[in-house]
Amino acid sequence: MHLYTLIFGAGSVGPFASRAFVPAFITAMMMRFTPQYVSSIFGDMAASASSAPGWFTSDASLIIFGLLAALEIAATKNQDIRAVFQEIDKYIKPIVAIITYMGVVSTQDIGFIEQATQQAGLADSLPALMIGVGVYWLGTLRGGVLGVLFDADEDDDIGVQGLLSWAEDIWALCGPILLLIFPIVMLILVGIVAAVLVLARKRAEAKEELSKTPCTNCGEKIYNAAIQCFACNTPTASPSEISFLGRSLDEPTPDLKAHSYKLVEKKRCPICATRFEKRAVHQQCAACGHELFKNPDFANAYLAQNDARLPIVLIISTLFSLIPVVGLIPGIIFYRMTLIAPLRKYIPRSRAILMRWGVRILFFFLVMFQWFPLAGGLVVPIMAFVNYTVYRTAFKAMLDNDK
Ligand SMILES: [Zn+2]
Ligand SMILES: [Zn+2]
């Protein structure tokens, strides 16, 4: 076992925390096609890598890793698939990281391993296990930090999560290369990334704690934005206002009735402000047991106050749309955040995907006319109106049917 193999393993935790197959593919490619370079770093390499590729650098494994890496990049570009992926990839990543590490070990020094198979097996399985644990830990940390972004903007209407996804692709693509060329630099970089993630996580937790105060009656910690304590139902004196992104603000809410709807818009319980986990119109609050939209009056009022927003959103969308080309994206983000998000958050992903593809074809033709002066002003408001009608219909149907 070589020191550089260990350094490689430790450093690979960084890229593998982001993607499973992309770093595996890049590593196998480097091992296969730059054997002289790799051997100069890893020290005494057997001729194995160049003359007869091992299982890790074989054509078959390169093709499989390559296909899976391409699929992985494509899958993480869609917010819906990304959300599903997040659930399973925390187990896939450590496994692929371990396979890659064992692959790197296997490409070097075959003679050495053959001589001392048992010792080598034992000596390599401990670092491999630690790499798996490291990837799982860093991956979980990453998931937690991304989760905060996800809570704020579940459907990525602003697009920050999409941009981050591209950044992570670059990290997963370049990480293994950097690791082979400048191992120490990469190790330090991974350390910095881990530290930043730990701090970000801590900060988010502190913020979450700050957004809670003990109930005056029972002492349970409840959200500042809550209307009642989730445990004893004691009303709070002055629930705090929540921001556009769903966080508690310092000032009290000016309108208690509107506050309940505002909480629901941000996918939080209208009573105790706990976040709803499911994408379903009818669900129960995990903390206080409140059944969302069970009261038809509340449901209708929720829809009505969203409807009331439609004219003003259409006017502002028109203003955005009047600016050729440049106004399109901000206009779409605007109507999605204000009009669609309060409904779409409660529509299951499978259903939302179908609906989105349905209107996408129409939008494709609309967008082509957006650069026309004046006439282009109609494009974004039409998109807003069509989208709103589609999501509202689906929402209403779920309200009435899925009980
Ligand atoms: Zn209480
Ligand atoms: Zn609740």
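Me: Which residues does Tyr223 touch, not counting residues up to four places away in sequence?

Reply: Two residues are in contact if their C-beta atoms, placed from the backbone, lie within 7 Å. By that rule Tyr223 touches Ser211, Lys212, Ser248, Cys272, Ala273 and Thr274. Before going on: this is a predicted model, where local features need pLDDT of at least 70 and side-chain atom pairs count only at pLDDT 80 or more, while totals for chains, interfaces and linings use all residues. Residues are numbered from 1 along each chain as its sequence is written, and chains are lettered from A and ligands numbered from 1 in the order in which they are written.

Me: Is Tyr223 buried or exposed?

Reply: A residue is buried with 20 or more other C-beta atoms within 10 Å of its own, exposed with 12 or fewer, and partly exposed in between, C-beta atoms being placed from the backbone. Tyr223 counts as buried because it has 25 C-beta neighbours inside 10 Å. Buried residues make up 35% of the 403 residues in the chain.

Me: And which strand is Tyr223 found in?

Reply: Helices (H or I, at least four residues) and strands (E, at least two) are DSSP runs, numbered from the N terminus. Tyr223 is in strand β2, residues 221-223. The chain has 16 helices and four strands.

Me: How do I read a helix pair, say α1 and α9?

Reply: Two packed helices are described by the angle between their axes and the distance between the axes. Axes are lines fitted to C-alpha atoms, for helices over the stretch in contact, and angles run from 0 to 180 degrees between N-to-C directions. Here α1 (residues 3-18) and α9 (residues 160-181) pack at about 170 degrees, with axes 8 Å apart. Angles over 145 degrees count as roughly antiparallel, so α1 and α9 are roughly antiparallel to each other.

Me: Which residues of α1 and α9 meet?

Reply: Phe8, Gly11, Ser12, Gly14, Pro15 and Ser18 in α1 meet Glu168, Trp171, Ala172, Gly175, Pro176 and Leu179 in α9. For classes, Ala, Val, Leu, Ile, Met, Phe, Trp, Tyr, Cys and Pro are nonpolar, Asp, Glu, Lys and Arg charged, and the others, Gly among them, polar. That contact has six nonpolar, five polar and one charged.

Me: What about α13 and α16?

Reply: The axes of α13 (residues 310-321) and α16 (residues 379-401) come within 7 Å and cross at roughly 145 degrees. Their contact has 10 nonpolar, three polar and no charged residues.

How values were computed: Angles under 35 degrees count as roughly parallel, over 145 as roughly antiparallel, 65 to 115 as roughly perpendicular and the rest as oblique.
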